[in-house]
Structure formats: C-alpha cells, structure tokens
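Here is a short briefing on a protein structure. Keep the sequence and the 3D view open while you read.

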Amino acid sequence: MSKSLRIIVPVKRVIDYAVKVRVNPAKTDVDRNVKHSMNPFDEIAVEEAVRIKERLPSTEIIAVSCGSAKSQETLRTALAMGADKAIHVEVADDSKLQPLGVAKLLKAIAEEQKPDLIILGKQAIDDDSNQTGQMLAGLLNWPQATFASKVEITDTLAKVTREVDGGLETISSKLPAIITTDLRLNEPRYASLPNIMKAKKKPLTKSTPEQLKVDITPRLETIKVEEPAKRQGGKKVESVDDLIDKLKNEAKVL
Amino acid sequence: MFSRVNYISRAFYRTSSVARSAGVVHGRTRLSVTKYPELKRDSRFQSLNDKHIDYFRAVLGENSVVYDKDPESDAIVHYNTDWFNLYRGTSSLVLFPSDTAQVSSILKYCNENRLAVVPQGGNTGVSGGAVPVFDEIIIKMSRMDRIRKIDQVSGIAVVDAGVILENLDNAVSEHGYMVPIDLGAKGSCHIGGNISTNAGGLRYVRYGSLHGNVLGLEVVLPDGTVLENLSTLRKDNTGYDLKQLFIGSEGTLGIVTGVSILTPQRAKATNLSLIGLDSYEDIQKAFVRAKADLSDILSAFEFWDKDCIEVVSEKMLPGVQFPLSSEKPYEFYALLETQGSRKEHDEAKLESYLESLLEDNIAKDGVVSQDIKQTQSLWAWREMIPEGMTKYGPAITYDVSMDIPLLYKLVMDTRAHFEKKGMIGPDKDYVKLIGFGHVGDGNLHIMAATNRNDYDLQKQLDDFVYTWTAKHSGSVSAEHGIGISKIGYLPYSKKKPVLDLMAKLKAQIDPRGIMNPYKIFANKYILSALGCKLRMDVYTGTRQSRE
C-alpha cells in the first residue's frame, strides 16, 4: 500500500429527509424554506472514504459541492466527518443544476485533481435521479460500480459488491473508477467536536462553472409539481349485500 | 415518558385463575390494595348499582358508558391499570363524557349519591394517580378532544382537556408555535392530565412550568359547578388566581375540562450536542457555562451516567453504535439543545461554547448532530433509558429534586449503602442502579431494576431515597406527583402547617371527598366530610419512616 489514494466525494445539500415536504402554492416547486442537510447517500459516501483513509492513512479526501452559498454548510459537515479539503463550485441558482450539468462540472474537477476514486451517493433524495454517477463515468470513460453495499480498495483495484435485482453481484475494477453508494454500505459517523474544530482550519476553495469552462444550461424544464392524489377514507359496511353493492356500484370492480 | 411495557414476571402475581387458556397465561398486574394494606375502601362511598348505571346511560348515551361486572375483563382491565403495570384497581364503570355539561351532570350526580370518581386522561402518569384503587368510577376524558381556537397573533390555544399533547403541538405548529412542554408520552397523554399533574418534561429549563404557561382553565367542581375561567389574557390580577390550585392537584379538587395555554414560538433552528465528561462536578461547570454562553437559546440540558448507556445499548438498541466512541465510556454524558431563530447565529454560539469546554478540559469529547435523523438518535439514547431498565426486571423509579450540586450524590450514597449490604449486582437483588435527569431543573431520576417482584425491595429503596431526600431538603416528587405511589411520603417534603391548609382546602372544595380519593393524602389523613371536621393524625412534625 505505498501509493497514496486521492478520493473525491461529491456531496449535495438537500431538504432533510425527515421534513414533511409540501408543494408551494404556485405548484412550481416544493417549499424549500425548511431544514436542509447532506443527502443521506452522500453521507454514506463520505463515511466510506473516511473508512478507507483510516485503513490507508496517506489517503486524501476532497469533498465537492455544486450549488448556492449554503452548500458550504454541507461541505463543513463533510470536513467534520473527516474529509481533508473542500471545493465549492458556486452556482447562483440551485434550481438550474441538473445531473448532466453536475456530471460535467465534476468531470472538470476530476481532470484538475486527478483522483483515483470518485465515490458518490447513488441518488439525491430530492430528485431521485440516480444519474450523476453513471453520467460522470461515461464522460470520463471510467469503469463504474453502482449501488455498492461493500467496498474493498487496494493500490490499484476496487472490489465492489453491488445490490442488484437478483441479489448481490461482486465486481472487480481497475482504478480510477466511480463508485455509487447504497444504503447498506455503512452507518455514517457523527461529526465529533475535535473534528468540527479541525474542520474550520481545513481549506475550502471556490470555483464557478465559468472558471471550469462548463456549460450547465439545463436541458429539462419542470412544468408542474403537484401532490399525489389524497387517499380516500375507508368505509365500513353493515352487511354482505351492502359490500357487494359497493364493490359493484362504487368501486366498480365487480 | 415511558412506553407501555409488560415486565411483570408472569409467574408471580396472577390474580385470576381464569386467565389460563390454550397454554397462554395472562398475568395481571398486582392489585394496588395488596401493596397498601392499610388503605381501606371508605365505607361512606356508595357501591355502584343499576340505578346509577341507568342514569349515566341516560345522560351520556349507551356508547359512552362501559360497564363490566368483572373488573378484570378485557373490556375494562386496562382502564384499571396504570401504564407501568404497577397499580391496578377494581372499577366496573368507565364514563366517556363529550362535553363540559356532561362532566357537570356526572359529578353533580356522583356528589349527591356519594360515588367516588377518578378522572383519567391518557393514563400515562407514573404515580398511579389516574387509576382507581377500589371501585371508583373512571371518568375518561378522551372524547373531549376538540381544539376550540388558536390565536395566530398571540399563540394562545384554547382546547378541550382531552386533546392529546402531540396533536396540540401539531395544530399550533401550523402557525409557527409549539407546546411549552415535551415528554416521551406526548403521543398519548392529554393536556388536561399534563395540567392536573403539572407535568415538567424536557424543555422545562427554557419554557418553565405550566403554572406560568396556562392562562386559564375550565374546571368542573365536585358538586357539578362549572368554573369557567378560560381567560386568554396574559395579565389579569383580579382576585385570587384559582387556576393555580387545580394545576398539579392530580384530580383531587375537580376535573379540568378546558385549557387556555400560551404557546411559545416554534424554533426555526435547533441544534443538539452530546458531550462526554468525567465527573459530576464537570457537568455542573458545563451547565453554568452553558447558561452564560448560550443563555437565551439553551432549551434542554440532560445528563446521565455511564451505566445508562449499557442499559440502552443492551436492551433497546443492540448492534447500534453509541454516537460518541471512546476507548472506555466517560463517567457522564450530557445532551444539550439550543433553539433559536437564526441557525448560523446559534451554531456559532454553540460551537464556541463547546470549543471552550474542550479547551478547559471540562468536556472530554462530543458530537454535534448534523441532521434530523441524528437528532432523533441522540435523543433516543436519553429517552429510552427508563424503558430499557424495565427489561432487566421489575423497575423502581424515583423523581426527586434538590440543589443541583447534590443531585448525583444521592445515587452514589444509595449505591454505597446497598453495595455494603451486598445487594447490588447482576445476580443480586438490585440488578442495576442508575441516575439520569434534567440538570437544569435540579431533577434527578434514580432508577433500580430488581431481580424479582418483591415489594419489600421497593420499600427498602423508598425509605433510603426519601429519607435522604428529606434530609437534604429536597422534594420527593419533582414532577411525577404523589398519586398513590408516594402517599405517606408527602410529609417528607412539606411541613405540617402547609399540609393542614391543603387538607382544609380539600375539605372545602370536595366536602364529600369523591374526587380521586386515596390519592395524595394517605388514608390516615383522609378528610371527614361530615361537618367539615378534619381527621388527621400522625402529624407530629417529626419525620417518620414508613413501617
């Protein structure tokens, strides 16, 4: 284990998973004036990188986030969990960022930083796209191991167990590679006080899409956002005849 | 505070031989009267008869009356039993009034016919105050669950007493407010019950007592008179503030049917931190500094000893890693919460405070929650302690208050005392002994799990803990009330002239003694309603321990 690994972990600031999401009155978006935190799958990605670093202490972890100024909060959390550096790609309007745009930004960063591994969360819990990791692998022409539930890294190889429909699949890939994390990969640690203090001194550099020479113009437009149809209350019936009548005439299933 | 658990060793206290069926044995909680043999049913109370039941059916309607001759039948036994499965009565009748007028009719009738009653809210009390001892009629308030009005500008909510606390919280949260009390039982407890027991909870250090937050009450007196004082005024100094009498009187002076309560702003930003410390002195230092550095944003400051971690880890969250990892556990842990209106502002204050604790070696380590899921897990390590203890065996719990510096000394002295007798250990009488509580309020919960259901073990521990508390001028019940569990110990915390006046008020307001008899005042001190003559003995001014 002589070579030191460099790992990039992209993290996204999303509405906290425990918040009750509501559609805004204009039906164009959800109400974003609520608590935000790091995307849970990204927390798992940071945790996995930190565990690799615990086994291979010369590893360097760089957390990256694309978004408005508030994304820096999420980067601070990543630093407090154990990342060494952070890069904030500042974008004026979060809502314009889509997976392809993010993948292009990350490609530009990867070309600058030359990592051995990029670990991403499999999807963000706000858009559930499940695309960024795969697109990034395509753009960089790197191998990808998605939905990882177990990761073993050596100098030059990544052995990843993936959760697939039929069960578990284990693949081995040369580095550099893309890994996206699934829920069962690990249990993320809490940000400890000593690490929170240290995090304040860790470098956080800023960049922009213009500096990286990336066009992030969105390709998709959101037309409408609405709540799912409200669940109808159940009804109690007094007799079998009543039940048959309702099944026939109301539910129309007979 | 405690979720429903059935810890009672089934083999021991079956009181019904009918219970066996198909190899499944349904053990029953021990009857309260077997624990307090000196308590006798007051013979002046009438026994329930058909005429009474017919009256209630006529006033409330068939569907609002549950009657079963057998108090152990499934229909009625759980109204007779408290949440901790420690106390059980033998009532045959449960009434479900839907409005204040019905409550008034019920009480008027019971008063005229001298029928004893026990008001019951969510039945989550931990002092056995909401269940009958004998055949008192249970007046269940759950149908009175309307939220009457919420003022958006002032945050004042006027509600029926049977509204569940969590529902009230959800309702006011729509307008940006929150209920000023928070306890583990919030999904089941009623605001009327909270008020009748002057419940404290986790946010007491910030929002204070219900005595301050309740603006008005609607109470039905024992004779059926409706005292309507649902004021929504913040300030009103016109005569005696009678509502204060009913707050904390545990249903012995009347039934609360309506509540007007002031709700504080719901915080936009909440932060939570768990820290590890090596001594109780350090806990105190951390608390004093928290008041200075965090002042207005501090909203909770809980502590527990290292044994509590084992309890939760072994019994409630096996396989889950404790959020603060260290080679060996610290002696104490504290959980502190801030609530404020600006996240960045509060975070900066909190981090600078925590940094200073580390620098001065007061806290050895700690974590700060980064999202709601972590916040919930951190709280779980505190909130699951009591339930975890019940899984070791029958658990005894105390809720005492005293000067903050003395809080943990009680635990240490108790441990030393019973260790000398060889009674503490995994295979001994007291399987586990732990201490935890609300530092800010000077409120300690000391809990012991025993290896068998033996009332003598409880009495020994009661005697030691209460005598120690009295000696150090503490209160034998910080927030749980007297109920039935601490009758007889009331004189340990209150002097004779005070108790005399309490008894006089009780006799005046409830001359026939029908409201929740046998609670708060022990049988020896039961008031005679005839001619308002008070019958109280054994108040000699000296502290006596129970036999």
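β8(A) and strand β9 (residues 167-174) of chain A pair in the antiparallel sense over eight bridges. Two strands count as paired if DSSP finds at least two bridges between them. Helices (H or I, at least four residues) and strands (E, at least two) are DSSP runs, numbered from the N terminus.

This is a predicted model, in which local features need pLDDT of at least 70, side-chain atom pairs count only at pLDDT 80 or more, and totals for chains, interfaces and linings use all residues. Residues are numbered from 1 along each chain as its sequence is written, chains are lettered from A and ligands numbered from 1 in the order in which they are written, and side-chain values use heavy atoms, with hydrogens and water left out.

- Thr161(A) faces Thr170(A), which sits in β9(A).
- A hairpin of three residues links β7(A) to β8(A).

**Backbone exceptions in chain A**

- Most residues other than glycine have a negative phi, and most peptide bonds are trans.
- The peptide bond between Leu175(A) and Pro176(A) is cis, with omega about 5°.
- Pro176(A) belongs to the loop between β9 and β10 (177-181) of chain A.
- Lys27(A) is not a glycine, yet its phi is positive, near 60°.
- Lys27(A) sits in the loop between β2 (13-15) and β3 (36-38) of chain A.
- Lys27(A) is partly exposed, at 41% relative accessibility.
- Buried means under 20% relative accessible area, exposed over 50%, and partly exposed in between (1.4 Å probe, protein chains only).
- Asn141(A), also not a glycine, has a positive phi of about 60°.
- The loop between α4 (132-140) and β7 of chain A holds Asn141(A).
- Asn141(A) is exposed, with a relative accessible area of 68%.

**Chain B as a whole**

- Chain B has 17 helices and 16 strands.
- Its radius of gyration is 24 Å, close to the 24 Å from the globule rule for 547 residues, so chain B is as compact as a globular protein of that length.
- That radius is taken over C-alpha atoms, and the rule is 2.2 Å times the number of residues to the power 0.38.
- The C-alpha trace of chain B spans about 75 × 60 × 55 Å along its principal axes.
- Of the 547 residues in chain B, 58% count as buried.
- Among contacts in chain B with a separation of 6 or more, 75% join residues 24 or more positions apart.
- Contact means heavy atoms within 4.5 Å.

**Strand β7 of chain B**

- Where does β7(B) (residues 214-220) stand, enclosed or open? Seven of its seven residues are buried, so the strand is largely enclosed by the rest of the structure.
- β7(B) pairs antiparallel with strand β9(B) (residues 255-262) over six bridges.
- Gly216(B) stands opposite Ser260(B) of β9(B).
- β7(B) also pairs antiparallel with strand β8(B) (residues 226-229), over four bridges.
- Val219(B) has Leu227(B) of β8(B) as its bridge partner.
- Five residues lie between β7(B) and β8(B) in their hairpin, and Gly224(B) in the turn has a positive phi of about 95°.
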